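I opened my notebook to look up some details in a new model.

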Amino acid sequence: MGLGVTLSNALSGMNVAQSGLEVLSRNVSNAGTAGYNRQSLNVVSDLSGATSVARVAGVQRAFDETVQQHYMAGVADSGYADTVASFLDRLQTYLGTPGTAGSLDSVFANFDTALQTMATSPDDPTARASALSSAQTLASTLNALSSDVQGLRQETENQIGNAVATLNQSFGSLATVNQKLGNEVGDTASKAALMDQRDRLVSQISQILDVNATYSANGAVSLMTRSGVGLIGGTTSPVFGFDSGGAMSPNTLLGGAAGHSVGTLTLTTPSGFSMDMVDQDIVQSGQLGALLKLRDDTLVQAQGQLDAIAGSVAKSLSTVTTQGSAASSGAASGFQVDLSAIQPGDSFTLNYSDGGSDKSVKVVRVDDTTKLPMDFVTGNGQRVIGLSFAGGAANVATALQTALGPGLAVTNPSGGVLQVLDDGVAGTTDVTALSTATTATGSQTGALALPLFVDAGGAPYTGSLDGETQQRGFAARIAVNPQIAGNDKLLVQYQAGGSLGDQARATYLADALRQSGFELNSATAADLGGSTMSGSPQSMIAQMLNFQANAASQAKSQQDTQQVVLDAVNQRMDASYGVNVDEEMARLMELQNAYAAGARVISVVQELINKLMQL
């Protein structure tokens with residue numbers, strides 16, 4: 001081997017060692033940098049005749065597409081779980097720990113106790129004042145909880161807007177990176193840095209929106225949602241839009257007859273196709289998926305539960321039940337009731353037997369024809385029918401007859417009277433009871449029931465389903481009747497000038513609060529998002545607290561599970577991509593020795609050349 005060949009080999013080795021030191025320096029300096037992938041030299045041999053020299057063919061970046069896909073999925077699912085757990089934990093804080101001061105169940109228990117105390121001493125002004133004060137506290141607690149829920153929904157709305165801004169910025173940057181990678185930059189180290197930036201942007205996007213990635217030969221990335229909508233496939237980025245719905249209220253909802261009143265999330269793809277991301281169910285995970293779920297489902301459900309509780313409290317105290325009077329026609333017998341006092345939301349109930357089978361039908365006044373037909377069976381087997389009373393008792397009788405079919409005779413003998421008779425044949429159909437449940441509107445009408453809690457402006461709460469259902473948002477509006485707030489004697493005096501020592505009304509209110517039972521109807525059950533609540537107000541409160549506690553616990557468990565999954569993927573990524581400083585230091589020794597060996601060879605060649613020149 002000639003001296004020239006030896007010198008060339010030595011120089012090539014030193015050049016490779018120098019490049020290796022540069023790569024090693026970058027690895028060590030970025031050992032703790034998030035999103036940095038370990039780099040290594042790609043060294044090849046060049047053969048030229050009998051000569052073989054080492055040459056750097058580029059910088060190789062550690063990357064595993066399978067690991068990357070698992071990481072993206074883990075980031076999206078972890079972002080979803082973290083967001084849900086955070087919001088539900090705060091909701092739990094607002095509701096309070098059951099049994100502690102200020103919690104919803106404790107506030108209700110104080111009101112219940114105050115009514116019981118007043119029932120034993122109705123003439124005690126302190127007992128009446130305590131009952132009134134505890135009623136006001138219960139109403140204000142429900143108001144505050146409703147405000148808290150809507151505050152959480154408002155926060156989700158604001159965060160959706162922030163997420164959209166981040167997505168647009170990240171996709172714009174990613175399109176630029178794709179363009180640079182597509183230009184086939186000559187500096188492989190710069191290209192590796194661009195790929196690091198690419199992966200950081202994809203990770204940032206994955207935390208907000210669930211995506212899948214496909215990588216091209218030049219390093220550019222294409223993204224699509226898990227639902228299959230293409231987002232970016234080159235240098236043109238998608239455009240996300242968000243039109244905020246403004247201030248949140250219980251009536252600010254997704255969908256409905258009037259369309260969306262919440263903020264609208266849209267996507268315009270690089271091809272120019274626009275779509276509603278919520279209507280098309282495009283978002284399935286990530287922080288954005290969690291925010292939409294919370295805003296449109298989870299927190300709406302919590303509001304619906306509060307509204308159902310508020311409605312049950314109001315109705316339990318204000319409902320006047322009037323039993324029908326006996327009626328007959330020939331051999332047929334039954335009952336009749338006067339419907340004139342029934343307001344929208346009020347009802348009457350028919351109990352009868354058919355072939356030995358007991359049946360119960362509750363007819364609710366629903367004058368809003370958009371809510372009709374309404375006919376369903378509750379969990380306890382009672383049939384609930386919605387009928388319009390706008391045409392008077394005669395039309396109600398005709399509609400009910402159609403709904404019940406033969407076997408019973410439903411008529412309107414006069415005015416607002418409804419009469420139901422059996423078929424007059426023993427052992428077939430028998431009417432066993434007919435009663436009305438109306439809402440008391442006055443404080444001293446002679447009825448023991450009392451409209452202690454009212455809607456905005458002092459309007460009576462009937463649970464009307466007409467228009468926007470009265471129950472929706474009632475927890476935000478419930479208040480103590482202003483007339484009673486100014487005169488606590490009305491808690492006892494159900495007739496003008498009545499004795500303050502009369503226990504009748506106070507006892508009725510105390511018993512009604514504990515004994516009243518409620519079943520959801522189809523129009524209000526939708527606000528509860530599939531959860532079921534029924535029974536007394538106290539039972540409904542316990543059901544809500546238990547439901548929300550379980551939801552928060554499940555969210556925390558899911559958060560922990562997703563964190564474990566993400567930690568495992570991160571460990572795998574560290575093993576595949578991460579910089580091991582110990583290994584780099586060992587490599588440094590190898591490179592130093594190789595460089596020193598090359599330098600020694602050059603030194604020897606120089607000495608030999610000098611000797612030759614001296615000959």
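**Entry 1**

I started with R365. Is R365 buried or exposed? I found a relative accessible area of 18% for R365. Buried means under 20%, so R365 counts as buried. I noted that the model is predicted.

Next I looked for a partner. R365 forms a salt bridge with D367. The closest N and O atoms of the two are 2.9 Å apart.

**Entry 1**

How many salt bridges does the structure hold? I have 15 in my notes. I looked up some of them one by one.

R198 and D199 form one of these salt bridges. Their closest N and O atoms lie 2.9 Å apart. I checked the burial of both residues, and R198 and D199 are both buried.

Then I went to D560 and K556. Their side chains meet in a salt bridge, with 2.8 Å from N to O. Where do D560 and K556 lie? Both are in helix α12, which covers residues 537–577. They are four residues apart, about one turn of the helix.

I looked up how accessible these two are. D560 has 38% relative accessibility, so I put D560 down as partly exposed. K556 has a relative accessible area of 42%, so K556 is partly exposed as well.

Salt bridges that share partners join E157, R295 and D296.

**Entry 2: the whole protein**

I stepped back for some totals. The protein has 615 residues, and 45% of them count as buried. Its secondary structure comes to 13 helices and 20 strands. The accessible surface is about 27000 Å². Carbon and sulfur atoms hold 50% of that surface.

I also looked at contacts along the sequence.

**Entry 3: S170 in helix α4**

Where does S170 lie? I found S170 in helix α4, residues 125–182. The relative accessible area of S170 is 4%, so S170 is buried. I then listed what S170 touches, leaving out residues up to four places away in sequence. The list reads L201, Q204 and I205.

**Entry 4: the sheet β3-β4-β5**

I moved on to a sheet. Three strands form an open sheet in the order β3-β4-β5, with antiparallel pairing. Which strands are at the edges? They are β3 (211–215) and β5 (230–232), and each pairs on one side only. The twist from one strand to the next averages 30°.

I looked at one pair in detail. Strand β4, residues 221–225, pairs with β5 over two bridges. This pairing is antiparallel. L223 stands opposite I232 in β5.

Helix α4 turned up again here. α4 lies across β4 and β5. Its direction makes about 65° with β5.

**Entry 5: the sheet β6-β7-β8**

I found another open sheet of three strands, in the order β6-β7-β8. The pairing is antiparallel. Why is one side of β6 and of β8 left without a neighbour in the sheet? β6 (239–243) and β8 (274–276) stand at the edges, each with a single partner strand, so one side of each has no neighbour there. Neighbouring strands of this sheet are turned by 25° against each other on average, direction ignored.

Strand β7, residues 264–268, runs antiparallel to β8. Three bridges join β7 and β8. T266 stands opposite D276 in β8.

**Entry 6: two backbone notes**

The peptide bond from L372 to P373 is cis, with omega near 0°. P373 sits in the loop between β13 (357–365) and β14 (374–377).

What is phi of D281 near? I noted 55°, a positive value in a residue other than glycine. D281 is in the loop between β8 and α6 (286–318).

Key. Residues numbered from 1 in each chain as written. Predicted model: local features only at pLDDT ≥ 70, side-chain atom pairs only at ≥ 80, totals over all residues. Heavy atoms only, no water. Salt bridge = Lys/Arg side-chain N within 4 Å of Asp/Glu carboxyl O. Buried < 20%, exposed > 50% of the residue type's maximum accessible area, 1.4 Å probe, protein only. Areas by Shrake-Rupley, 256 points an atom, 1.4 Å probe, with all protein chains shown as cover. Contact = heavy atoms within 4.5 Å. Pairing = 2+ DSSP bridges. Axes fitted to C-alpha atoms, helices over the stretch in contact; angles between N-to-C directions.
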